[in-house]
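Here are a few notes to read alongside the model. Have it open while you go through them.

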Amino acid sequence: MPSTPAEASEPVNEPEPRWPAVLAVLAVGALQLMLPEQLSIGPGWLLLVLVVLLTVPTIIARRLGYFRLNEFFGYSTSGLVTLMLIWSLFRLIVTLPAHRETPVELLRSAATLWFSNILIFATWYWRLDAGGPNARDLRDVHTEGAFLFPQMTIPALQTIDGARGWAPGFVDYLFLAFNTSTAFSPTDVPVLSRWAKLIMMVQAMISLATITLLAARAVNIL
């Protein structure tokens with residue numbers, strides 16, 4: 001049963017902004033428009049429409065205080081865009097030997113999947129770390145989670161005179177996802193939990209596969 005406003009705990013601090021995560025999933029839907037038809041399930045606009053249809057009740061549920069329902073729609077949105085990403089990458093691998101795409105189309109497809117990979121996994125880290133944004137809003141300071149951000153080790157950034165201490169926002173998880181796709185490692189943010197390590201491995205593999213396919217095709221062209 002979804003939680004009711006009376007059942008859900010109210011944030012004790014200023015709620016973390018959700019609009020960056022909303023923009024991220026909408027951007028993934030928009031990026032799908034740049035892919036060739038053979039790399040998409042249905043028309044290119046389908047994912048964007050589905051994301052919008054899921055995002056609207058996500059926002060409404062949170063504003064009404066139905067936090068479990070809010071999380072359900074949020075996870076559904078992230079799961080949908082993740083499945084579409086995996087499908088598009090699979091189709092790219094299958095169609096690559098047939099040389100159906102021109103070099104320009106291949107470059108655009110690879111770049112689209114690479115950027116989508118960053119946005120999608122940034123959203124997953126943001127949704128899952130320390131119980132998600134709804135749970136993080138209930139804490140005065142971010143001291144525990146799947147990732148050890150440098151700010152968590154600086155006492156001066158903890159609670160001061162009753163004010164809320166430092167807590168990660170979507171940009172912090174976006175930076176983490178960007179580093180994972182470029183350096184294939186979390187760089188300045190150690191990973192503490194097993195689930196986070198597994199998810200980061202998946203993200204790194206998708207990024208590596210995209211770059212490897214692009215390099216292989218470029219060598220073939222040359």
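This is a predicted model: local features need pLDDT of at least 70, side-chain atom pairs count only at pLDDT 80 or more; totals for chains, interfaces and linings use all residues.

1. Residues are numbered from 1 along each chain as its sequence is written, and side-chain values use heavy atoms, with hydrogens and water left out.

2. Take a look at the largest pocket, which holds about 370 Å³ of space. Its lining has 22 residues, and Arg18, Val22, Thr58, Arg62 and Asn70 are the closest to its centre. A pocket here is an open set of points on a 1 Å grid over the protein atoms alone, where a 1.4 Å probe fits, with protein on both sides within 12 Å along at least five of seven lines; lining residues have an atom within 4 Å of a point. The volume is the space filled by probe spheres set on the points, joined across faces, edges and corners.

3. Which helix gives the most to that lining? It's α2, with five residues. Helices are DSSP runs (H or I, at least four residues), numbered from the N terminus. At least two lining residues each come from α1, α2 (46-64), α3 (67-95), α4 (103-128) and α5 (133-136).

4. Gly29 sits in helix α1 (residues 19-31). Gly29 is buried, with a relative accessible area of 0%; buried means under 20%, exposed over 50% and partly exposed in between, using a 1.4 Å probe and protein chains only. Leaving out residues up to four places away in sequence, Gly29 touches Leu47 and Leu48 (contact means heavy atoms within 4.5 Å).

5. His142 is in the loop between α5 and α6 (170-182), and it's buried at 4% relative accessible area. Beyond residues up to four places away in sequence, its contacts include Asp129, Trp166 and Tyr173.

6. Now the rings: there are 13 aromatic pairs. Rings of Phe, Tyr and Trp (its six-membered ring) pair if their centres lie within 6.5 Å; planes under 30 degrees apart are stacked, over 60 edge-to-face and the rest tilted. Tyr75 and Trp124 are stacked, 6.3 Å centre to centre with 15° between the planes. Tyr75 lies in α3 and Trp124 in α4, so this pair ties together parts 49 residues apart in sequence.
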